[in-house]
Amino acid sequence: MSDVEKGLASNGASITMFSGKGGVGKTTCAAATALHYASSGEQTLAISTDATPSLSHIFEATGEEKPKKIQGSLYISELGVEEVEEMWDEKFGKEVYDVFSSFVAIDYEEFVEFTTSILPGLSDEFMVDYIRELSLRGDYSNIVWDTAPLGQTLALLHTPAMLLEHLRMAPRVYARLKLSNISKEPILNIISRWQQLSADETDFLRNRVKFVIVTIPEALAVEQLENAFGELDRYGLKVGQLIINNVIKADDSDFLKAKAAQQRRYLDIIYDRYSGLKIVELPMFPYEVKGWDRLKEVGGILFP
Ligand SMILES: Nc1ncnc2c1ncn2[C@@H]1O[C@H](COP(=O)(O)OP(=O)(O)O)[C@@H](O)[C@H]1O
Ligand SMILES: [Mg+2]
């Protein structure tokens, strides 16, 4: 980290992203973590980029405000397509449209649809940027980022680096187009601004975000873990912690004994493979984790 980056890191919010296979307990862990931070009085935002978010449900909150105040210094926000499209509009949409529409007859809505379909990573890119900007604005000391199931989240994490790579070639490709009657300047400007945006996001993901992976001691989940670590590594993203959820701690029946023995095999594999990582186990509770008290209980285990 350069001195400038260190300076930035000390000013902006701390950001923790929870990632993992569907249903393993990402939202549960994210919500408990946010509650833990907020209960020491720090301004904390739990934000979800899952298209089917469940933060409101887990905090038993109602109302449409974004962010929504839960209690004291705790806020939640569920990021949707509208916010992302708004950002695209603000940052690039109108400008790109002005240039584009000078040589193609197309109305704005059609254009937005067109750009978002030829660039499938667009909404992902703007979600990352949304959180990056939030973290720089200084309203929150902590941002806890709850995500969609693994595949979607990996795509989201790859997008800035991938676009950066593609945009490096864009000026060369563009320079060869025969568009003699249009000034190339505005387009080259847009390309270079976009390149900067992708570079900033890649930097943000690498240097500012702490990744926590949530898993459960079962075959498929453990198998997918390796792929997830490999992919994150490929983009230079480092995992700070692993949470093993739904661990059976009771053995007062044959059923539980058998279940625990089966989990033991996967727990051993996990501890063996990821010995360098901080690993925390979360027991399986005989109830759903919903509402204040139960989230507090989970927080107490995650932050002993
Ligand atoms: N340790 C646990 N014990 C019992 N139920 C749990 C535990 N962790 C999560 N759950 C329940 O499992 C379900 C899925 O959890 P959730 O956090 O929404 O997963 P994800 O966000 O990964 O899809 C929820 O109903 C939640 O209450
Ligand atoms: Mg979830």
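A residue counts as buried if 20 or more other C-beta atoms lie within 10 Å of its own. The legends below describe a predicted model.

**View 1. Overall chain of the predicted model.** The chain holds 304 residues, of which buried residues make up 33%. Its secondary structure comprises eleven helices and eight strands. The C-alpha trace extends over about 80 × 40 × 40 Å along its principal axes. Among contacts with a separation of 6 or more, 78% join residues 24 or more positions apart.

**View 2. Surroundings of ligand 1.** Ligand 1 is surrounded by 17 residues, and the closest are K26, T27, T28, F285 and E288. Two elements, α2 (26-38) and β7 (239-247), each give two or more residues to this shell. Helix α2 gives the most, with three residues. By class, the shell consists of nine polar, five nonpolar and three charged residues.

**View 3. Position of L282 in strand β8.** Strand β8 spans residues 278-283 and includes L282. L282 has 21 other C-beta atoms within 10 Å and is therefore buried, the cut-off being 20 or more.

**View 4. Contacts of L282 beyond its sequence neighbours.** When neighbours within four places in sequence are left aside, L282 is in contact with G25, with I243, I244, N245 and V247, and with V298 and I301. For L282 and I301, which stand 19 residues apart along the chain, the C-alpha atoms are separated by 6.9 Å.

Notes
Residues numbered from 1 in each chain as written. Chains lettered and ligands numbered in written order. Predicted model: local features only at pLDDT ≥ 70, side-chain atom pairs only at ≥ 80, totals over all residues. Near = placed C-beta within 6 Å. Helix = DSSP H or I, 4+ residues; strand = E, 2+ residues; numbered from the N terminus. Nonpolar A, V, L, I, M, F, W, Y, C, P; charged D, E, K, R; others polar. Buried ≥ 20, exposed ≤ 12 C-beta atoms within 10 Å, placed from the backbone. Contact = placed C-beta atoms within 7 Å.
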